[in-house]
Amino acid sequence: MQLFISLADSSHFASRAQLGVYFSANAVGANNTINLPYTPQVIVSSNNYITDKVNWVEYNMQYTASGGEEYITLGNFYDTTSLDTQFVAGGGDQFWMINTYYYIDDVWLSHCDSLPDSII
């Protein structure tokens, strides 16, 4: 899986280990606006804060399908007590801009018919 991410110009904070990818057989939903109540199979940028507001940053991840996956959901799957953020200068001056907001582009999924012995 490959995707590109850029932190919104108006954001005051960057995060790490917050953006997750969840593959499922059914469409997901939640009755709250705080977080998605699912456990993502892939975490984007688990060790580094995603701080770049100018460039698209490429992330490559691996996921082995278990079968039956038809949907992909990208988002924050954690509640606000688990947020790991870092201040980034240059955000907007509106109260709602005191946030972490990312743009995501060019999500690419691929498959392979066989794996090299070194991965198995």
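1. Is Tyr 22 buried or exposed in this model? The model is a predicted one, and in it Tyr 22 has a relative accessibility of 17%. The cut-off for buried is under 20%, so Tyr 22 counts as buried.

2. Overall make-up. The chain has 0 helices and 8 strands, and along the sequence the pattern reads β-β-β-β-β-β-β-β. Of its 120 residues, 29% are buried. Take the contacts between residues at least 6 apart in sequence: 83% of them join residues at least 24 apart.

3. Strands S4, S3 and S6 make up an open sheet of 3 strands, in the order S4-S3-S6 and with antiparallel pairing. Its edge strands are S4 (residues 42-43) and S6, each of which pairs on one side only. S3 is joined to S6 by 6 bridges, and to S4 by 2 bridges. Both pairings run in the antiparallel sense.

4. Partners across the sheet. Val 21 has a bridge partner in S4, namely Val 42, and stands opposite Leu 74 in S6. Gly 20 has Ile 43 as its bridge partner in S4.

5. How many of the residues of S3 are buried? The count is 6 of 6, so S3 is largely enclosed by the rest of the structure. In a regular strand the side chains alternate between the two faces of the sheet. For S3, Leu 19, Val 21 and Phe 23 are on one side, and Gly 20, Tyr 22 and Ser 24 are on the other. The residues on both sides are all buried, and both faces of S3 are therefore covered.

6. Thr 73. This residue is in strand S6 and is buried, with a relative accessible area of 15%. Neighbours within four places in sequence left aside, Thr 73 is in contact with Gly 20, Val 21, Tyr 22, Val 28 and Leu 36. Gly 20, Val 21 and Tyr 22 are among the buried residues of S3.

7. Aromatic pairs. The search of the whole structure gives 5 aromatic pairs. One of them is Tyr 22 with Phe 77: the ring centres are 6.2 Å apart and the planes stand at 55 degrees, so this pair is tilted. Phe 77 counts as buried, at 5% relative accessibility. Ring pairs also link Tyr 22, Tyr 38 and Phe 77 into a cluster.

8. How is the pair of Tyr 101 and Tyr 103 arranged, and what is the angle between the planes? This aromatic pair is edge-to-face, with 80 degrees between the planes and 5.5 Å from centre to centre. Tyr 101 counts as partly exposed at 44% relative accessibility, and Tyr 103 likewise counts as partly exposed, at 43%. By contrast, Tyr 22 and Phe 77 both count as buried.

9. The second largest pocket. This pocket holds about 300 Å³ of space. Its lining has 13 residues, and those nearest the centre are Ser 15, Gln 18, Asn 76, Thr 100 and Tyr 102. S6 and strand S8 (102-108) are the elements that give two or more residues to the lining. By class, the lining comprises 6 nonpolar and 7 polar residues, with no charged residues.

10. Ala 27. Where is Ala 27 placed? Ala 27 is in the loop between S3 and S4, and counts as exposed at 55% relative accessibility. Ala 27 and Ile 72 are 45 residues apart in sequence, with a C-alpha to C-alpha distance of 8.3 Å.

Key:
Residues are numbered from 1 along each chain as its sequence is written. This is a predicted model: local features need pLDDT of at least 70, side-chain atom pairs count only at pLDDT 80 or more; totals for chains, interfaces and linings use all residues. Side-chain values use heavy atoms; hydrogens and water are left out. Rings of Phe, Tyr and Trp (its six-membered ring) pair if their centres lie within 6.5 Å; planes under 30 degrees apart count as stacked, over 60 as edge-to-face and the rest as tilted. Buried means under 20% relative accessible area, exposed over 50%, partly exposed in between (1.4 Å probe, protein chains only). Two strands pair if DSSP finds at least two bridges between them. Helices (H or I, at least four residues) and strands (E, at least two) are DSSP runs, numbered from the N terminus. On a 1 Å grid over the protein atoms alone, a cavity is a set of points where a 1.4 Å probe fits but cannot get out, and a pocket is an open set with protein on both sides within 12 Å along at least five of seven lines; lining residues have an atom within 4 Å of a point. Grid points are joined across faces, edges and corners, and a volume is the space filled by probe spheres set on the points. Ala, Val, Leu, Ile, Met, Phe, Trp, Tyr, Cys and Pro count as nonpolar, Asp, Glu, Lys and Arg as charged, and the others, Gly among them, as polar. Contact means heavy atoms within 4.5 Å.
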